[in-house]
Every structure is written in structure tokens, then in C-alpha cells.
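Morning, everyone. Please keep the viewer open while I talk.

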Amino acid sequence: EIHAEVQLKNYGKFLEEYTSQLKRIEDALDDSIGDVWDFSLDPIALKLLPYEQSSLLELIKTENKVLNKVITVYAALCCEIKKLKYEAETKFYNGLLFYGEGGTDSSMVEGDCQIQMGRFVSFLQELSCFVTRCYEVVVNVVHQLAVLYTSNK
């Protein structure tokens with residue numbers, strides 16, 4: 001019993017020391033994290049993202065030359081799709097969403113609708129070219145996937 005009590009006291013001391021040590025570490029980390037940005041006190045935050053300085057071709061290098069070519073093609077297609085998505089979001093979404101907004105039929109003078117449509121024609125021409133380019137990229141992706149799937153090489 002005496003031996004068990006001694007071990008229990010030693011274990012209690014160990015837990016107390018370990019708990020205080022963990023508390024000190026937690027406080028030290030909490031202070032350093034709080035110094036960076038506090039949501040309730042700081043109105044602005046910096047979003048720092050790592051910038052990759054190596055090119056796509058440097059990242060794709062492997063020993064297999066055929067695999068390099070295949071991965072390069074798919075990576076280029078992914079980059080093209082990402083650019084098309086960005087262009088659609090920045091250039092075309094708002095124009096399509098808000099066309100015709102702002103005026104009622106009763107407040108428009110005769111001919112204003114035709115003038116508004118005339119100004120919109122150039123936007124529609126750009127949109128048509130964009131949709132054609134999207135179609136070409138999708139067809140290319142499907143062709144590349146079909147070749148990869150059916151290839152016995």
C-alpha cells in the first residue's frame with residue numbers, strides 16, 4: 001500500500017508538471033497567433049498565398065517521355081479551362097445577368113430599346129466567339145480522354 005501511494009503521488013506530480021508545461025506552450029502559441037490578426041480588432045487582413053515560380057513543364061518532368069507529353073497536354077487543357085472560367089466570370093456573367101435592367105417599359109422613350117439592343121450586339125458577338133472557343137476546348141478534352149482510354153500503348 002505504501003508503495004502504491006508513493007507511485008500515485010509521483011504520478012500526480014508528473015501530471016501537474018505536464019499540465020503546467022502544456023499550458024505554458026498553449027499560452028505561448030496563443031499569443032503568437034493572436035499577434036498576427038484578431039478578427040474582432042483588426043478591420044483588414046492580408047491573405048498570403050505561396051507563389052509558384054517554377055514553370056509547368058519543370059513540374060512535369062519524369063523519366064517516361066510519353067507520360068510527360070500526356071501530362072503536358074492535360075495540364076495545358078486545365079490551364080485553358082481555368083482561363084475560360086475566369087473570362088466568363090469577369091466578362092460575361094454580369095452582362096447577361098443585368099441586360100435590360102434599370103428601366104421599365106413605360107419609362108423608355110420610343111427607340112431606346114433598339115439603341116440598347118444595338119449596343120448589346122458587340123457583346124453578343126464576343127460571347128459567341130467565347131462559346132465557340134469553349135466548345136473547341138471541350139471537344140479537345142473529350143478527344144484527349146478518348147485517346148487515352150482507348151490507347152493500348
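First, a rule: a salt bridge is a side-chain nitrogen of Lys or Arg within 4 Å of a carboxyl oxygen of Asp or Glu. By this rule the model has four salt bridges.

Now the ground rules. This is a predicted model, where local features need pLDDT of at least 70, side-chain atom pairs count only at pLDDT 80 or more, and totals for chains, interfaces and linings use all residues. Residues are numbered from 1 along each chain as its sequence is written, and side-chain values use heavy atoms, with hydrogens and water left out.

Start with helix 3, residues 65-98. Helices here are DSSP runs (H or I, at least four residues), numbered from the N terminus. How far apart are the end C-alpha atoms of helix 3? They are 49 Å apart. The expected span is 1.5 Å times one less than the number of residues.

Helix 3 does bend, by about 45° at F92. The bend is the angle between axes fitted to the seven residues ending there and the seven starting there.

Next, the ends. N64 caps the N-terminal end of helix 3, with a side-chain oxygen 3.1 Å from the backbone nitrogen of V66. After helix 3 comes G100, with a positive phi near 85°.

Back to the charges. Side chains of opposite charge can pair when their charged atoms come close. Take E80 and R133: their closest N and O atoms are 3.1 Å apart. This pair links distant parts of the chain, E80 in helix 3 and R133 in helix 4, 53 residues apart.

Buried means under 20% relative accessible area, exposed over 50%, partly exposed in between (1.4 Å probe, protein chains only). E80 is partly exposed at 22%. R133 is partly exposed at 35%.

Then there is E89 with K85, at 3.0 Å between the closest N and O atoms. They sit four residues apart in helix 3, so about one helical turn separates them. Both are partly exposed: E89 at 35%, K85 at 49%.

E126 and K91 also meet in a salt bridge, 3.1 Å from N to O. That pair joins helix 4, through E126, to helix 3, through K91, across 35 residues. E126 has 37% relative accessibility, and K91 has 40%. Salt bridges that share partners also join E80, R133 and E136 into one network.

Now the packing. In soluble globular proteins, nonpolar side chains tend to be buried together. A nonpolar core is a set of buried Ala, Val, Leu, Ile, Met, Phe, Trp, Tyr and Cys residues joined through side-chain atoms within 4.5 Å. Which residues make up the largest one? There are eight: L84, A88, F92, F120, F123, L127, F130 and V137. Helix 3 and helix 4 are the elements that give two or more residues to this core. Helix 4 supplies the largest share, five residues.

Helix 3 buries N68, Y74, A75, L77, L84, A88 and F92. What covers them includes helix 2 (56-60) and helix 4 (112-150).

Contact means heavy atoms within 4.5 Å. Leaving aside neighbours within four places in sequence, V137 is in contact with E80, I81 and L84. Of these, E80 is also the salt-bridge partner of R133.

Notes
Polar contact = N/O pair within 3.5 Å; in protein donor to acceptor, adjacent residues only side chain to side chain.
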